[in-house]
Amino acid sequence: MSLRICLVSSEVAPFAKTGGLADVVAGLGRYLASEGHDVRIFLPLYGRIARQDAPREEAAEIAAVSVRFNGSMQTFRCRVGTLPDSTAKVYFVDCPEMFEREPIYSSTYEDEHIRFGLLCRAALESCQRLGWSPDVIHCNDWHTGLLPLYLKSLYAWDRLFAKTRTLLTIHNIGYQGQFPARVVGDLGLADHRSAFHQEDLAKGEVNFLKTGLLYADWITTVSRTYAHEIQTPEGGRGLEGVLGARASALTGIVNGVDYGTWDPAVDPTIPARYTVDDLSGKAVCKQKLLERFDLDASDGSLVLGIVSRLTGQKGFDLLPDVLPVVMRDPRVRLCVLGSGEGRYEEYFQWLRDKMPERVGIYRGYHEELAHWIEAGSDAFLMPSAFEPCGLNQMYSLRYGTPPLVRKTGGLADTVEPFDRATRTGTGFVFEDYDSHALLAAMQELLRAFDDPEGWRQLIRNGMTQDFSWAKQGPDYVALYRRLIG
Ligand code: ADP
Ligand code: GLC
């Protein structure tokens, strides 16, 4: 039996992306549609999409819908299109007053709660206008945290949703959507104050993610290890209590990879394509990458790649102690693509200025360059302090670019430590979050690189791993089926 699945997300690739959430929602949606399910995805029509990729087609049923939020009335319409290479429908919630602005998120927006409250309500209102009764509404991260509560309060009367179940996936517990308690009224939920976490209200707060955890019928997160970590005081960011209470409705499902986009055998954006049986294209990619960053391309170099949001999560605080030691090896080059907190951008820029022939940095967001770094680097650095799943380590496995990771969250679930003696394993793994442990893993990487045959086997081990949606997606389908009984 095919299912009706409604995905709601603040990011969907290629339309709006700041991180892995966008890739995961698109990849899952594409997989579900390819299995014959009726998939509809709801996403804000941000200014950038409106100007570039958005379909022009208006969804006739969803024109000028007004939604009452206490202080204001928001009116939206939807444009409808499909996900590229898929039949999954994408509904773009068009409300310029809320979504036209750049950037797509900002802590300076005073109406952030209304923006994402509107996304939740627009998804429900649109289902009503379409007369479409989803089996499961799959919410993602704090932006959609209020949806389960809306469904059980303001929309509880509608028989259309009588059998609808909600699933909330936590992609990152570091972002919870915390607002002053007074926004409850703004959100149209003044009559449902008792539904919110009472201790939070007493403290003058509401927390969107926590509210979602209380009311979603099921909760998932994006790896098995992270599912355990978030139930501990160190990993739960204050939500461990609520998660512990809901432990019987919480599972970890490792993210899938969209190998239609992230595979060097088919990737149209990289300088040359290659496969595990013929790596000559990878050498071309490396050469071109070094040229692009204007780096010394003499023989025998070892290129380390980084593609990342530059935030505390990603573990770059460990680098200032470690890189100077590693860079003593004249073979080492470093190519960094990222944007985020100034201190990290400035550190990498400083390194670049100090070693202009060996370090390259691009500060900003650059889709093509992300693929180039995956393909052209010899190894990939991801020393994350915490990592719910992580996609780049899985991409780099497929690109023959062994990842160096910390054993946390999804990194622990997807990278096996390489053993030089037996030549088993797929990358380099360190456990303690300190620079000594990272340095030891770096040194292990350098030693492994000294043995070309062993390194080739390491590449082979990684490239033949399968984290495709065809493999990971069935776990979601099984869960959806279990939820709807
Ligand atoms: P997170 O979601 O925490 O940022 P993931 O590893 O799950 O981490 O996903 C990151 C995604 O964002 C990858 O697809 C990566 O290529 C992409 N990405 C991150 N930073 C940049 C950037 N500066 N330019 C292009 N792509 C980026
Ligand atoms: C989050 C996490 C990342 C995960 C991504 C997609 O942004 O930081 O680890 O891979 O979501 O689930």
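Start by selecting strands β1 (residues 4–8) and β2 (residues 38–44): they run parallel and are joined by five bridges. Helices (H or I, at least four residues) and strands (E, at least two) are DSSP runs, numbered from the N terminus. Within this pair, R4 stands opposite D38 in β2. This is a predicted model, in which local features need pLDDT of at least 70 and side-chain atom pairs pLDDT 80 or more, while totals for chains, interfaces and linings use all residues. Residues are numbered from 1 along each chain as its sequence is written, chains are lettered from A and ligands numbered from 1 in the order in which they are written, and side-chain values use heavy atoms, without hydrogens or water.

Next, show the whole sheet. It is open, with nine strands in the order β3-β4-β5-β2-β1-β6-β7-β10-β11 and mixed pairing; two strands pair if DSSP finds at least two bridges between them. β3 (65–69) and β11 (250–252) are the edge strands, each with a single partner, so one side of each has no neighbour in the sheet. From one strand to the next the twist averages 25° (axes are lines fitted to C-alpha atoms, for helices over the stretch in contact; angles run from 0 to 180 degrees between N-to-C directions).

Now select ligand 2. Around this ligand are 14 residues, the closest being H171, N255, E387, C389 and G390 (near means a heavy atom within 4 Å). Helix α1 (residues 20–34) gives the largest share of the shell, three residues. For polar contacts (N or O pairs within 3.5 Å), go to the side chain of E387, where an N or O atom is 2.5 Å from an oxygen atom of ligand 2. In the side chain of Q313, the corresponding distance to an oxygen atom of ligand 2 is 3.0 Å. The protein buries 93% of the 310 Å² that ligand 2 exposes alone (Shrake-Rupley method, 1.4 Å probe).

Finish at ligand 1. Of the 22 residues around ligand 1, K17, G20, R309, K314 and G364 come nearest. The largest share of this shell, three residues, comes from β12. A polar backbone atom of G364 lies 2.8 Å from a nitrogen atom of ligand 1, and one of L391 lies 2.9 Å from an oxygen atom of ligand 1. Alone, ligand 1 exposes 570 Å², of which the protein buries 94%.

Technical notes: A polar contact is a pair of N or O atoms within 3.5 Å; within protein, one must be able to donate a hydrogen and the other to accept it, and residues adjacent in sequence count only if both atoms are side-chain atoms.
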